[in-house]
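I opened this entry to note what I looked up, element by element.

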Amino acid sequence: MPIIKSSADLRNNYSEISEFCHTYPEPIFITRNGKGDLAVMSIEVYEQMRSRFELYSRIKEGLDDAASGNTRPFNDAMADIRSKRKR
């Protein structure tokens with residue numbers, strides 16, 4: 001169940017909202033004039049979310065490469081990596 005607060009709540013109860021965001025890994029939705037305006041979350045949760053999106057993007061790249069046949073045998077790839085490490 002999403003937590004929804006008004007912009008006045010954010011202004012008047014910042015410490016309480018901040019504490020909630022640091023305790024629970026979910027955003028608080030802030031409304032302005034009764035309509036959704038912001039989503040507030042801790043920096044830690046934001047960074048985890050960004051990292052997850054980056055991982056999903058890289059996985060999709062790999063899946064796209066595999067689907068288009070842009071692959072090579074594992075042993076060839078490992079040989080290239082090993083040769084670059086020796087330089």
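This is a predicted model: local features need pLDDT of at least 70, side-chain atom pairs count only at pLDDT 80 or more; totals for chains, interfaces and linings use all residues.

**Entry 1**

I looked up two in helix H3, starting with glutamate 47 and arginine 50.

The side chains of glutamate 47 and arginine 50 meet at 4.0 Å, N to O. The cut-off is within 4 Å, so I noted that this pair is counted at the stated value of 4.0 Å. Both residues lie in helix H3, 3 residues apart, which is about one turn of the helix. Glutamate 47 is partly exposed because its relative accessibility is 38%. Arginine 50, at 47%, also counts as partly exposed.

Next I took glutamate 54 and arginine 58, whose side chains form a salt bridge at 2.7 Å, N to O. Why are they separated by about one helical turn? They are 4 residues apart in helix H3, so about one turn lies between them. As a general point, an α-helix has 3.6 residues a turn, so residues three or four places apart point the same way. Glutamate 54 is partly exposed, with a relative accessible area of 40%. Arginine 58 has 56%, and since exposed means over 50%, I put arginine 58 down as exposed.

**Entry 2: helix H3 as a whole**

I checked the span of H3, which runs over residues 43-67 and has 25 residues. From its first C-alpha to its last, H3 reaches 36 Å, close to the 36 Å expected at 1.5 Å a residue. I then looked at what comes after the helix. Glycine 69 follows H3, and its phi is positive, near 80°.

I also looked for nonpolar side chains on the surface. Phe53, Leu55, Tyr56, Ile59 and Leu63 form a nonpolar patch there. Together they have about 540 Å² of accessible area. I placed phenylalanine 53 in helix H3.

**Entry 3: the sheet**

In what order do the strands of the sheet come? I read E1-E2-E3 for an open sheet of 3 strands, with mixed pairing. Strand E1 (3-6) and strand E3 (35-40) are the edge strands, each pairing on one side only. Neighbouring strands of this sheet are turned by 35° against each other on average, direction ignored.

I went through the two pairings in turn. E1 and E2 pair in the parallel sense, over 4 bridges. Within this pairing I noted serine 6, which stands opposite threonine 31 in E2. Strand E2 (residues 28-32) is joined to E3 by 5 bridges, and these two strands run antiparallel. On this side I looked up two positions. Phenylalanine 29 has alanine 39 in E3 as its bridge partner, and isoleucine 30 stands opposite leucine 38 in E3.

**Entry 4: the hairpin turn**

E2 and E3 form a hairpin with 2 residues between them. I looked at asparagine 33, which is found in the loop between E2 and E3. Its phi is near 55°, a positive value in a residue other than glycine.

**Entry 5: helix H1 and a distance**

Last, I looked up arginine 11, which lies in helix H1 (residues 7-12). With a relative accessible area of 61%, arginine 11 is exposed. I then took the distance from arginine 11 to alanine 67. These residues are 56 apart in sequence, and their C-alpha atoms are 50 Å apart in space.

Methods: Residues are numbered from 1 along each chain as its sequence is written. Side-chain values use heavy atoms; hydrogens and water are left out. Two strands pair if DSSP finds at least two bridges between them. Axes are lines fitted to C-alpha atoms, for helices over the stretch in contact, and angles run from 0 to 180 degrees between N-to-C directions. The expected span of a helix is 1.5 Å times one less than its number of residues. Patches are made of residues with over 30% relative accessible area and no salt bridge: like charges are joined within 9 Å, nonpolar side chains (Val, Leu, Ile, Met, Phe, Trp, Tyr) within 5 Å. Accessible areas come from the Shrake-Rupley method with a 1.4 Å probe; for residues, only the protein chains shown count as cover. Buried means under 20% relative accessible area, exposed over 50%, partly exposed in between (1.4 Å probe, protein chains only).
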